[in-house]
Amino acid sequence: HFLKVQDGCDYYCTYCTIPFARGRSRNASIAETIKVAEKAIADSAKEIVLTGVNTGDFGRSTGETFFELIQALDNLNGDIRYRISSIEPNLLTDEIIDFVASSRHFAPHFHIPLQSGSDELLNLMHRKYDTALFAYKINKIKQAMPNAFIGVDVMVGVRGETLELFEECKTFIESLPISQLHVFTYSERAGTKALSIEPIVPMNERRRRNEILQQVSDAKLKAFYDSQIGKEAIVLWEDSKKGDCMHGFTENYVKVETKYNKNKVNTFEKLKIEI
């Protein structure tokens with residue numbers, strides 16, 4: 001079940017049109033959001049994913065905070081698991097990380113946009129953090145939750161991305177204990193400030209860089225999956241049949257399969273991860 005907790009964005013990244021298209025950051029109150037979550041749980045939702053355009057900015061229009069929201073959600077009773085969808089690194093506070101690590105219902109799973117591993121490019125993009133802060137957050141998560149799954153968004157071929165800066169970005173990403181990349185190829189958007197930035201990366205070179213980072217991602221994901229073999233985990237089985245198999249995801253987002261059994265659909269099962 002997807003629970004949209006926030007909409008709009010007050011950030012004006014140079015490559016992005018979302019603030020113009022979706023407006024200012026806004027949200028319902030914690031009390032109203034809790035009512036929606038309670039209804040989903042009553043309707044037998046077992047996993048709720050908190051989504052938004054800038055999820056961590058929750059509370060902008062009600063004077064509350066995202067941290068207060070997740071505390072309130074964690075206090076709800078029920079056989080429920082929460083995942084936090086994409087959250088900006090500058091809004092992923094240490095107290096949120098520590099809370100997720102000790103919470104009853106929040107999964108050790110983070111999705112954090114990086115966009116570039118070069119401080120020069122992050123500055124050109126008008127992002128609100130640098131690589132030092134990003135690396136600190138990733139390492140903080142891994143210290144608190146060694147088995148956490150960490151997905152990272154990265155964009156290649158942005159205007160101003162010289163080959164040297166791309167290599168810098170790749171080296172930085174390789175140094176991080178992350179689980180998977182979501183690689184986006186930059187495309188021009190009318191009306192954005194990025195259009196005035198030089199040099200322009202040719203489209204075939206953008207695609208080449210995407211493939212390179214895709215390979216880095218594949219290696220990261222394989223290493224993460226390999227590290228989970230033999231560990232105990234709790235799987236939520238999904239209602240999807242492929243041949244005579246069904247699949248589900250562990251709390252830290254490892255996809256597992258078993259023989260199809262309709263009685264297992266939408267139930268949690270504790271098991272040991274095997275090849």
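This is a predicted model: local features need pLDDT of at least 70, side-chain atom pairs count only at pLDDT 80 or more; totals for chains, interfaces and linings use all residues.

Colleague: Why is His 109 called buried?

Modeller: Buried means under 20% relative accessible area, while exposed means over 50% and partly exposed lies in between (1.4 Å probe, protein chains only). His 109 has 11% relative accessibility, so the residue counts as buried. His 109 belongs to strand E4 (residues 109-115); strands (E, at least two residues) and helices (H or I, at least four) are DSSP runs, numbered from the N terminus.

Colleague: What does His 109 touch, leaving aside its neighbours within four places in sequence?

Modeller: Contact means heavy atoms within 4.5 Å. By that rule His 109 is in contact with Arg 83, Ile 84, Phe 149, Glu 251 and Tyr 253.

Colleague: What makes the link between the side chains of His 109 and Arg 83 a polar contact?

Modeller: A polar contact is a pair of N or O atoms within 3.5 Å; within protein, one must be able to donate a hydrogen and the other to accept it, and residues adjacent in sequence count only if both atoms are side-chain atoms. The one joining His 109 and Arg 83 spans 3.0 Å.

Colleague: Why is Lys 142 called buried?

Modeller: Its relative accessible area is 18%, so Lys 142 is buried. Lys 142 sits in helix H6 (residues 131-144). Not counting residues up to four places away in sequence, Lys 142 touches Asn 147, Ala 148, Ile 150, Pro 177 and Phe 224.

Colleague: What makes strand E5 (residues 149-156) mostly covered?

Modeller: Eight of its eight residues are buried. On one side of E5 are Phe 149, Gly 151, Asp 153 and Met 155, and on the other are Ile 150, Val 152, Val 154 and Val 156. In a regular strand the side chains alternate between the two faces of the sheet.

Colleague: How do you know that E4 and E5 pair?

Modeller: Two strands pair if DSSP finds at least two bridges between them. E4 and E5 share six bridges in the parallel sense, with Gln 115 standing opposite Val 154. E5 and strand E6 (residues 180-185) also pair in the parallel sense over six bridges, and there Met 155 stands opposite Phe 184.

Colleague: Why do strand E1 (2-4) and strand E3 (81-84) stand at the edges?

Modeller: They belong to an open sheet of three strands in the order E1-E2-E3, with parallel pairing. E1 and E3 each have a single partner strand, so one side of each is left without a neighbour in the sheet.

Methods: Residues are numbered from 1 along each chain as its sequence is written. Side-chain values use heavy atoms; hydrogens and water are left out.
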